[in-house]
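I opened this model to take notes on it. The entries follow in the order I looked things up.

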Amino acid sequence: TIDTSYQSYEGIVHGGILASIADAAMVHLVYQRYGGRPMTCSLDMRFKASIHIGDEIVVEAGFLRFKHRIAWASCRILVRNRVHVEAIAAFKVDCEKVRAD
């Protein structure tokens with residue numbers, strides 16, 4: 001859940017906070033798979049519905065593809081099994097030991 005410190009309008013979670021949560025989930029996923037220091041190159045967000053302060057959220061991240069040291073991932077933020085936020089991002093993977101896919 002997210003508290004009132006992170007609201008934009010009264011009772012609504014700020015979109016920038018949701019973007020940060022999605023980005024962090026995807027960075028963690030890419031880091032777990034490839035190591036190094038993944039750096040976000042692009043982040044595309046789709047806000048489908050507002051998330052309210054106190055809503056219990058579920059964050060799901062998935063790997064999409066890897067090519068030329070760029071990893072793509074996706075993320076969904078759900079409330080009560082309904083998708084409220086979708087994101088796709090590209091990450092530069094800067095490390096010496098990248099496992100090829």
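**Entry 1: the start of the chain**

I began with threonine 1, which is exposed, with a relative accessible area of 69%. I am reading a predicted model here, not an experimental one. Threonine 1 lies in the segment before α1. I then asked which residues threonine 1 touches, leaving aside its neighbours within four places in sequence. I found contacts with Gly54, Asp55 and Glu56. I also checked threonine 1 against isoleucine 51.

**Entry 2: confidence**

I looked up the pLDDT next. The chain has a mean of 93. I noted that 93% of its residues reach 70 or more. Among the elements of the chain, α1 has the lowest mean pLDDT, at 96. The highest belongs to β4, at 98. One reminder to myself: where pLDDT is low, predicted coordinates should not be read in detail.

**Entry 3: helix α1**

I moved on to α1, which runs over residues 15-34. It has 20 residues. From first C-alpha to last, α1 reaches 28 Å, close to the 28 Å expected at 1.5 Å a residue. Which residues of α1 are buried? I listed Leu18, Ala19, Ala22, Asp23, Ala25, Met26, Val30 and Tyr34. They cover an arc of only 160 degrees around the axis, so they sit on the same side of α1. Then I looked for what covers these buried residues. The cover includes β1 (39-47), β2 (57-67), β3 (70-79) and β4 (82-92). Just after α1, I came to glycine 35. Glycine 35 takes a positive phi of about 70 degrees.

**Entry 4: aromatic pairs**

I counted aromatic pairs and got 2. The pair I took up to begin with is tyrosine 34 with phenylalanine 63. Their rings lie 5.8 Å centre to centre, with 50 degrees between the planes, and the pair is tilted. Tyrosine 34 is in helix α1 and phenylalanine 63 in strand β2, 29 residues apart, and the pair links distant parts of the chain. Are these two residues buried or exposed? Tyrosine 34 has a relative accessible area of 3%, so I put it down as buried. Phenylalanine 63 has 22%, so I put it down as partly exposed; the cut-off for buried is under 20%.

My other entry is tyrosine 34 with phenylalanine 66. Why does this pair count as stacked? The ring centres are 4.4 Å apart and the planes are at 25 degrees, so the pair is stacked; the limit for stacking is under 30 degrees. Tyrosine 34 lies in helix α1 and phenylalanine 66 in strand β2, so this pair ties together parts 32 residues apart in sequence. I wrote Tyr34, Phe63 and Phe66 down as one aromatic cluster.

**Entry 5: charges over rings**

I searched for charged ends over rings. Arginine 33 lies over the face of phenylalanine 63, at 3.8 Å from the ring centre. I also noted arginine 65, whose charged end sits over the ring of tryptophan 72. That distance is 4.2 Å from the ring's centre.

**Entry 6: the loop between β2 and β3**

I ended at histidine 68, in the loop between β2 and β3. Is histidine 68 buried or exposed? It has a relative accessible area of 69%, so it is exposed. I checked its C-alpha against that of phenylalanine 91, 23 residues away along the chain.

Conventions. Residues numbered from 1 in each chain as written. Predicted model: local features only at pLDDT ≥ 70, side-chain atom pairs only at ≥ 80, totals over all residues. Heavy atoms only, no water. Helix = DSSP H or I, 4+ residues; strand = E, 2+ residues; numbered from the N terminus. Expected span 1.5 Å × (residues − 1). Buried < 20%, exposed > 50% of the residue type's maximum accessible area, 1.4 Å probe, protein only. Arc of directions from axis to C-beta. Contact = heavy atoms within 4.5 Å. Phe/Tyr/Trp six-rings, centres within 6.5 Å; stacked < 30°, edge-to-face > 60°. Lys NZ or Arg CZ within 6 Å of the ring centre and 35° of its normal. pLDDT = per-residue confidence, 0-100.
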